Structures are given as structure tokens and as C-alpha cells.
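This briefing goes through selected features of one structure, grouped by topic. Please keep the sequence and the model at hand while reading.

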Amino acid sequence: MGAFNVPLDDERAQLSAFLEDYRGAIEATLESLTEEQARRKLVPSATTLLGLLKHVTWMQRVWFEECVGGTPRRDLGLVRTPDDSFQLHDDDTIASVTATHRQACAAARTMIADLPLDTVVTGHRSGPRTLRWVCLQVLRELAHHCGHADILREQVLAPG
């Protein structure tokens with residue numbers, strides 16, 4: 001259910017709908033692209049369309065599995081820094097990165113399903129915060145990176 005379907009629903013339903021919309025939107029930027037197009041570097045940084053999806057997967061795991069769940073990054077097998085999370089390996093494909101993203105989203109949904117938004121979570125290195133804050137932070141990051149992805153996709157698909 002999308003964000004425009006829940007304008008009068010409770011806060012939890014609205015946050016969830018916006019998160020799902022942006023999760024789907026960033027995946028959609030890879031639709032119908034070749035592996036080469038998804039990996040194409042168009043900016044000086046490591047940012048690529050496939051790298052963006054890999055990064056937002058990492059970001060959600062940090063906020064939900066580390067911050068909410070309390071499992072340290074190293075125990076989750078996550079790279080240490082945001083910059084490292086954009087790095088693509090030879091075996092990263094659109095299918096594999098998308099599958100990992102969907103697994104991370106499913107884990108996040110499960111992890112927070114029974115927690116009130118006012119729950120204080122303490123797993124992040126910068127200190128405690130509410131689950132509501134975590135959801136808003138993830139939403140902010142997803143929206144931010146969806147904008148990047150839209151522009152990169154436009155550049156990748158631009159004629160000649």
C-alpha cells in the first residue's frame with residue numbers, strides 16, 4: 001500500500017507506506033538496465049546505480065539491525081563506513097544486490113513490527129534515539145538517494 005493510500009491512517013502506517021514507496025523506487029531505477037549500465041560511473045565518487053542500492057541496503061541494516069537490534073556491524077558482516085558501502089565486487093549483480101536489499105527490508109520489517117515508535121533503541125554508536133527517529137532517518141536517506149538514482153538513470157539512458 002502506497003503513501004497516497006494512507007493519508008488518514010495512523011503514524012505507523014504512514015511511515016511504513018513511505019518507507020516501502022522509497023524502497024521500491026530505488027529498486028525501480030535498475031529496471032531494464034544492463035549490468036554495465038547499472039555499474040556505470042558518471043560521477044567522480046564510487047556512486048553508481050547498483051552502488052546506491054548496495055549502500056541503502058547497508059544503511060538500512062545499520063539502522064535496523066545494528067541500532068534497533070543491537071548487533072554490531074562487524075558481527076553483521078557489514079563494512080565500517082558509508083563510503084565503503086558503495087563499493088561493488090565482481091560478483092555483485094542487479095539480481096544479487098536486489099535480493100540482498102529485499103532481505104534487509106524484510107529483516108527490518110520483522111525487527112520493528114511489534115515495537116512502538118516511542119521505543120528507545122541504543123545500538124547505534126552515536127547514542128540512544130527513538131524508533132520513530134530511526135524510521136525518519138531511513139526515510140530521509142532513501143529519499144535522498146532515490147533523487148541521486150533518478151538523475152543517474154536519466155544520464156545512463158540519455159541518447160548518445
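Is Leu-115 buried, exposed or partly exposed? Leu-115 has a relative accessible area of 26%, so it is partly exposed. This is a predicted model, and the values below are computed from it.

**Helix H3**

- Helix H3 runs over residues 49–68 and holds 20 residues.
- At 1.5 Å a residue, H3 should span 28 Å, and the 27 Å between its end C-alpha atoms agrees with this.
- A kink of about 25 degrees is centred on Arg-61 in H3.
- H3 is largely enclosed by the rest of the structure, because 20 of its 20 residues are buried; the cut-off for buried is under 20% relative accessible area.
- After H3 comes Gly-70, with a positive phi near 80 degrees.

**Largest pocket**

- The volume of the largest pocket is about 280 Å³.
- Its lining consists of 15 residues, and Lys-54, Thr-57, Trp-58, Leu-78 and Thr-100 are the ones nearest the centre of the pocket.
- At least two lining residues come from each of H3, helix H5 (82–85) and helix H6 (94–112).
- H3 contributes the most to this lining, with four residues.
- By class, the lining of the largest pocket has four nonpolar, seven polar and four charged residues.

**Second largest pocket**

- The second largest pocket holds about 170 Å³ of space.
- Its lining residues include Glu-66, Gly-70, Thr-71, Pro-72 and Leu-78.
- Several arginines also belong to this lining, among them Arg-73, Arg-74, Arg-80 and Arg-125.
- The lining of the second largest pocket divides into two nonpolar, three polar and five charged residues.

**Cysteines**

- How many disulfides does a search of the whole structure find? The search finds zero.
- A disulfide needs two cysteine sulfur atoms within 2.5 Å.
- For Cys-105, the closest cysteine sulfur is in Cys-146, and at 11 Å it is too far away for a bond.
- For Cys-135, the closest cysteine sulfur is in Cys-67, and at 10 Å it is too far away for a bond.
- Cys-105 is buried, with 2% relative accessibility.
- Cys-135 is also buried, with 2% relative accessibility.

**Residues in loops**

- Leu-115 sits in the loop between H6 and strand E1 (120–121).
- The C-alpha atom of Leu-115 is 7.9 Å from that of Leu-131, a residue 16 places away along the chain.
- Ser-32 belongs to the loop between helix H1 (11–28) and helix H2 (35–39).
- Most residues other than glycine have a negative phi.
- Ser-32 is not a glycine, yet its phi is positive, at about 65 degrees.
- Ser-32 counts as exposed because its relative accessibility is 70%, and the cut-off for exposed is over 50%.
- With a relative accessible area of 29%, Pro-72 is partly exposed.
- Pro-72 and His-124 have C-alpha atoms 8.4 Å apart, although 52 residues separate them in sequence.

**Residues in helices**

- Thr-110 is part of helix H6.
- Thr-110 is exposed, with a relative accessible area of 64%.
- From C-alpha to C-alpha, Thr-110 is 9.9 Å from Phe-64, and the two are 46 residues apart in sequence.
- Tyr-22 is found in helix H1.
- Tyr-22 counts as partly exposed, at 28% relative accessibility.
- Tyr-22 and Asn-5 are 17 residues apart along the chain, and their C-alpha atoms are separated by 15 Å.

Methods:
Residues are numbered from 1 along each chain as its sequence is written. This is a predicted model: local features need pLDDT of at least 70, side-chain atom pairs count only at pLDDT 80 or more; totals for chains, interfaces and linings use all residues. Side-chain values use heavy atoms; hydrogens and water are left out. Buried means under 20% relative accessible area, exposed over 50%, partly exposed in between (1.4 Å probe, protein chains only). The expected span of a helix is 1.5 Å times one less than its number of residues. The bend at a residue is the angle between axes fitted to the seven residues ending there and the seven starting there. On a 1 Å grid over the protein atoms alone, a cavity is a set of points where a 1.4 Å probe fits but cannot get out, and a pocket is an open set with protein on both sides within 12 Å along at least five of seven lines; lining residues have an atom within 4 Å of a point. Grid points are joined across faces, edges and corners, and a volume is the space filled by probe spheres set on the points. Ala, Val, Leu, Ile, Met, Phe, Trp, Tyr, Cys and Pro count as nonpolar, Asp, Glu, Lys and Arg as charged, and the others, Gly among them, as polar.
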